[in-house]
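Please read this briefing alongside the sequence and the model. The points are grouped by topic.

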Amino acid sequence: MAALPVPLLALVLLLLAGCGGPGAAGQRRKEMVLSEKVNQLMEWASKRSVIRMNGDKFRRLVKAPPRNYSVIVMFTALQPHRQCVVCKQADEEYQILANSWRYSSAFTNKIFFAMVDFDEGSDVFQMLNMNSAPTFINFPAKGKPKRGDTYELQVRGFAAEQLARWVADRTDVHIRVIRPPNYAGPLMLGLLLAVIGGLVYLRGSNLDFLYNKTGWAFAALCFVLAMTSGQMWNHIRGPPYAHKNPHTGQVNYIHGSSQAQFVAETHIVLLFNGGVTLGMVLLHEAATSDMDVGKRKIMCIAGIGLVVLFFSWLLSVFRSKYHGYPYRYGSL
């Protein structure tokens with residue numbers, strides 16, 4: 001092979017130095033592709049906080065490198081014929097979280113929120129071997145999702161505040177959740193005050209009803225039953241109402257773990273606690289009232305029946321959540 005003349009060799013070296021070589025050219029191509037992807041995502045995010053993706057968009061913007069941003073993706077099934085009530089509830093909380101980030105002063109292009117609906121991206125569900133919805137997965141800026149990048153929906157619930165804590169753990173991006181104003185609480189309080197004020201006005205000369213022990217006892221009992229059944233936990237965690245098995249179609253109203261619960265479960269426990277309480281009230285009345293013996297016996301039998309029936313059902317719920325619990329009602 002003949003040697004190049006010195007001037008020509010110098011020109012070639014100069015061109016290679018100016019171009020940076022093949023490695024530099026590849027790096028520039030990656031930077032251009034990355035810039036295009038980020039600009040595209042920013043454009044979509046400016047129009048909609050949660051970016052809807054199909055299979056092509058997901059593979060190009062989430063799965064394929066290069067990527068220097070994280071993407072939180074909710075896999076869901078929102079079409080009416082899917083009858084996924086939990087998906088709609090989770091979507092509302094997810095939208096609140098995404099809007100809180102989009103309109104935050106700390107908003108950057110380091111994290112985006114996206115959604116893949118089964119009817120728009122069933123190939124993505126197949127690619128990820130996913131057979132349930134809703135599911136939240138964090139696709140980190142580097143590497144593949146790890147175990148902790150899949151949100152534990154059954155344990156944490158889908159409240160926006162819980163999702164924000166999980167996002168902070170996985171991405172170090174802290175989002176202050178800002179909920180839209182809810183006027184239901186003030187309206188109910190205003191209605192309650194109006195009713196009380198109306199009663200006071202109409203019965204200003206007779207306020208004995210305010211000193212009615214039975215009324216206050218009933219109100220206090222309702223409050224206690226609501227709290228002991230787990231309503232406050234529902235308010236904090238925002239769990240789904242129930243869970244429908246995507247394979248069998250069976251609906252579960254009782255969560256199988258002692259670390260979580262469904263909304264329907266609290267309603268069931270509330271009913272059982274109310275039945276036990278009613279039975280105890282009947283037993284008390286049977287023992288202390290001045291009614292004839294026949295009616296007192298009926299009240300006593302009814303009270304015992306209610307206590308036995310509803311307390312046994314409560315134990316059944318307890319056993320289903322605390323596996324291996326050795327006791328039954330008959331062994332107490």
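The UniProt record, an unreviewed entry, places the feature "transmembrane region" at residues 183-202, 214-233, 268-286 and 298-318. The structure discussed here is a predicted model.

**Annotated spans**

- Residues 268-286, one of the spans that the UniProt record lists as a transmembrane region, are 100% helix and 0% strand in the model.

- The axes of α11 and α12 come within 7 Å of each other, and they cross at roughly 150 degrees.
- Angles over 145 degrees count as roughly antiparallel, so α11 is roughly antiparallel to α12.
- The crossing of α11 past α12 is left-handed.
- In the contact of α11 with α12, the residues divide into 21 nonpolar, four polar and four charged.

- Lys321 forms a salt bridge with Glu265, and their closest N and O atoms are 3.1 Å apart.

**Other salt bridges**

- How many salt bridges does the structure hold? The count is nine.
- One of them joins Glu120 to Arg52, with the closest N and O atoms 3.0 Å apart.
- The pair links distant parts of the chain, 68 residues apart: Glu120 is in the loop between β3 (111-117) and α5 (122-127), while Arg52 is in strand β1 (residues 50-52).
- Glu120 is partly exposed, at a relative accessible area of 35%.
- Arg52 is also partly exposed, at 28%.
- Another salt bridge joins Arg59 to Asp56, with a distance of 3.2 Å between the closest N and O atoms.
- Where do Arg59 and Asp56 lie? Both are in helix α3 (residues 55-63), three residues apart, which is about one turn of the helix.
- Arg59 has a relative accessibility of 32% and counts as partly exposed.
- Asp56 has a relative accessibility of 56%; the cut-off for exposed is over 50%, so Asp56 counts as exposed.
- Asp56 and Arg59 are linked with Asp123 in a network of salt bridges.

- Val38 is located in helix α2 (residues 21-47).
- With a relative accessible area of 8%, Val38 is buried.
- Val38 and Lys110 are 72 residues apart along the chain, and 9.1 Å separates their C-alpha atoms.

Definitions and conventions: Residues numbered from 1 in each chain as written. Predicted model: local features only at pLDDT ≥ 70, side-chain atom pairs only at ≥ 80, totals over all residues. Heavy atoms only, no water. UniProt positions renumbered as here; feature names shortened; annotations may be inferred. Helix = DSSP H or I, 4+ residues; strand = E, 2+ residues; numbered from the N terminus. Salt bridge = Lys/Arg side-chain N within 4 Å of Asp/Glu carboxyl O. Buried < 20%, exposed > 50% of the residue type's maximum accessible area, 1.4 Å probe, protein only. Axes fitted to C-alpha atoms, helices over the stretch in contact; angles between N-to-C directions. Parallel < 35°, antiparallel > 145°, perpendicular 65-115°, else oblique. Left-handed = near helix turned anticlockwise from the far one by under 90°. Nonpolar A, V, L, I, M, F, W, Y, C, P; charged D, E, K, R; others polar.
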